[in-house]
Amino acid sequence: NSASKLKHLRCYAMRIAPTLRELITVEDFTREGACISMDISLSQDLIDDDGLIHGGMLALIMSIGAEELARQHLARDGYLIVSSASINYLKQAVAGDIINIRACIAGKSERMMLVDVDATVAGEHVAKALYSFIIEEE
């Protein structure tokens, strides 16, 4: 239902730093078992003078997807610490692209979680990443 979807979009937007909320928009999302998928658009203010999306901005939105998924799979009260992130850039994303971020649990133990993230534009991969999280108790 659309009210539930709007609630979830607002929740995902809250993971974005307040100064960036007007610049990064979560357009849509779906949950599929141990995966989530989010369509993200970026404001023109985040695009460089050549009309390109900087790799660091792509890494940021991939990290948002990875962390959101990991938070949903915490078995107990606690918090996450990113212990490593490995990103492979495959193609340049450009102004106007809607970037789909698909994050899936790749492995989980009591103290660690691995999240595999794919960034695609119109079905073509622009980046792949693996995030490793340490799970800490409150």
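Ile135 lies in strand S6, where strands (E, at least two residues) are DSSP runs numbered from the N terminus. The model is predicted: local features need pLDDT of at least 70, side-chain atom pairs count only at pLDDT 80 or more, and totals for chains, interfaces and linings use all residues. Residues are numbered from 1 along each chain as its sequence is written, and side-chain values use heavy atoms, with hydrogens and water left out.

**Exercise 1.** Determine whether Ile135 is buried or exposed, and state how far it is from Ala70 in space.

*Solution.* Buried means under 20% relative accessible area, exposed over 50%, and partly exposed in between (1.4 Å probe, protein chains only). Ile135 has 3% relative accessibility and therefore counts as buried. From C-alpha to C-alpha, Ile135 and Ala70 are 9.5 Å apart, although 65 residues separate them in sequence.

**Exercise 2.** Identify the disulfide and state its handedness.

*Solution.* A disulfide is a pair of cysteine sulfur atoms within 2.5 Å. By this rule there is 1 disulfide. Its partners are Cys35 and Cys104, with an S to S distance of 2.1 Å. The pair links distant parts of the chain, 69 residues apart: Cys35 belongs to strand S2 (residues 35-42) and Cys104 to strand S4 (residues 99-108). Because the torsion about the S-S bond is about 115°, the disulfide is right-handed. Cys35 is buried at 10% relative accessibility, and Cys104 is buried at 17%.

**Exercise 3.** Describe how S4 pairs with S2 and with S5.

*Solution.* Two strands pair if DSSP finds at least two bridges between them. S2 and S4 are antiparallel over 6 bridges; Asp39 has Asn100 in S4 as its bridge partner. S4 and S5 are also antiparallel, over 9 bridges, and a hairpin of 3 residues joins them. Cys104 has Asp116 in S5 as its bridge partner.

**Exercise 4.** List the contacts of Thr120 beyond its neighbours within four places in sequence.

*Solution.* Thr120 is found in strand S5 (residues 112-121) and is buried, with a relative accessible area of 14%. Contact means heavy atoms within 4.5 Å. With those neighbours left aside, Thr120 touches Ile98, Ile99, Asn100, His125 and Val126.

Terms used: Helices (H or I, at least four residues) and strands (E, at least two) are DSSP runs, numbered from the N terminus.
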